[in-house]
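My notes follow in the order I took them.

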Amino acid sequence: MQVRGPIAYEETGSGPLAVFVHGYPLDHRMWRDQLESLSDIRHCVAPDLPGFGASEAIDEFTMESVADSIAAFIDEDQADIIALSMGGYVALALWERHPALVRSLALVDTKATADSAEARQKRRAQAAQVAEQGPGSLVAGMTQALLAPDASHEAKRRLAEMINATSKESVIAALSGMADRRDRSRVLTTIDVPTAVVVGALDSVTPPVAAVGMASMIPDATVSIIPGAGHLTPIESPDAVNAVLQHFLDH
């Protein structure tokens, strides 16, 4: 692990910068297969978001504050941004606030809309559960929600490992930040860099129909649906996701 300011990160390869933004409640390790596969065409950097992994926490975890942290991390460089789920919420905030830093966008298993009232209530309930029982209490439910029914043992192991490594405080802060995030659907129409939308065919959190709808609002965006995968396509179907990203970044 390397550290730049408050952000810890893993890096591989050389060439143009590509920044991989992880989802909730994960860390940079979710991108392990991508960092290995794409290192021949990109300087691949996977940071731990504030409060996750080895990165320092910030006072208030919002999509905007995290986007600003990523912008400071990128500094004056320009990067391909590959982002999953909560990372996608951050990526859209990054585009809105710091578009000059973004060379291209790959939005993986994510959406631009805000939480519904029901979704916000579920996040509050999850935060209460974590406050009382700890992050480990999320493993069973999140394995069912985030992975396809026939996901590999290795995918389940990796998910559990990352959840168990995340602090109670960071889980609760991220839940609050996601619940309070605003709708960025209109931001999609402003994206004028190459954009790929990737989604698992069995993703029940951000399903393919929502991904296709999101892509339709982004000028010239491409859509790739990964067969047999749920919400964590880079972990569940790394070869397929790597092939999509390789083709996207090569063009």
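Predicted model: local features only at pLDDT ≥ 70, side-chain atom pairs only at ≥ 80, totals over all residues.

I take helices (H or I, at least four residues) and strands (E, at least two) as DSSP runs, numbered from the N terminus. Residues are numbered from 1 along each chain as its sequence is written, and side-chain values use heavy atoms, with hydrogens and water left out.

I found Thr62 in the loop between strand 4 (43-47) and helix 2. A polar atom of the Thr62 side chain lies 2.9 Å from the backbone nitrogen of Ser65. I count a polar contact as a pair of N or O atoms within 3.5 Å; within protein, one must be able to donate a hydrogen and the other to accept it, and residues adjacent in sequence count only if both atoms are side-chain atoms. I also checked Thr62 against Asp115: they are 53 residues apart in sequence and 14 Å apart in space, C-alpha to C-alpha.
Ser55 lies in the loop between strand 4 and helix 2. Its relative accessible area is 7%, so I list Ser55 as buried; buried means under 20% relative accessible area, exposed over 50%, and partly exposed in between (1.4 Å probe, protein chains only). A polar atom of the Ser55 side chain lies 2.6 Å from the backbone oxygen of Asp48. With neighbours within four places in sequence set aside, Ser55 is in contact with Pro6, Ile7, Ala8, Asp48, Leu49 and Pro50; contact means heavy atoms within 4.5 Å.

Entry 2, helix 2 against helix 3.
Two packed helices are described by the angle between their axes and the distance between the axes. Axes are lines fitted to C-alpha atoms, for helices over the stretch in contact, and angles run from 0 to 180 degrees between N-to-C directions. For helix 2 (residues 63-74) and helix 3 (residues 86-97) I noted an angle of about 70 degrees, with the axes 8 Å apart. The two helices are therefore roughly perpendicular; the classes are roughly parallel under 35 degrees, roughly antiparallel over 145, roughly perpendicular from 65 to 115, and oblique for the rest. On the helix 2 side, the contacting residues include Met63, Val66, Ile70 and Ile74, and on the helix 3 side they include Met86, Tyr89, Val90 and Leu94. The contact of helix 2 with helix 3 has 11 nonpolar, no polar and 3 charged residues. Here Ala, Val, Leu, Ile, Met, Phe, Trp, Tyr, Cys and Pro count as nonpolar, Asp, Glu, Lys and Arg as charged, and the others, Gly among them, as polar.

Helix 7 (residues 168-179) has 12 residues and reaches 17 Å from first to last C-alpha, close to the expected 16 Å; the expected span is 1.5 Å times one less than the number of residues. Which residues of helix 7 are buried? I listed Ser170, Val171, Ala174, Leu175, Gly177, Met178 and Ala179. What covers them includes helix 2, helix 3 and helix 4 (117-133).
The axes of helix 4 and helix 7 come within 9 Å and cross at roughly 170 degrees. That makes helix 4 roughly antiparallel to helix 7. Among the residues making the contact are Arg123 and Ala127 of helix 4 and Val171 and Leu175 of helix 7. By class, this contact has 8 nonpolar, 1 polar and 3 charged residues.
Within helix 7 I picked out Met178, which is buried at 2% relative accessibility. Leaving aside neighbours within four places in sequence, Met178 is in contact with Tyr24, Met63, Met86, Tyr89, Asp115 and Arg123. Met178 and Tyr24 are 154 residues apart along the chain, with their C-alpha atoms separated by 9.5 Å.

Tyr24 and Pro25 are joined by a cis peptide bond, with omega about -10 degrees. Pro25 lies in the loop between strand 3 (17-21) and helix 1 (32-37).
Asp109, in the loop between strand 6 and helix 4, has a positive phi near 45 degrees. Asp109 is buried at 1% relative accessibility. Asp220 has a positive phi near 65 degrees, but is exposed at 76% relative accessibility.
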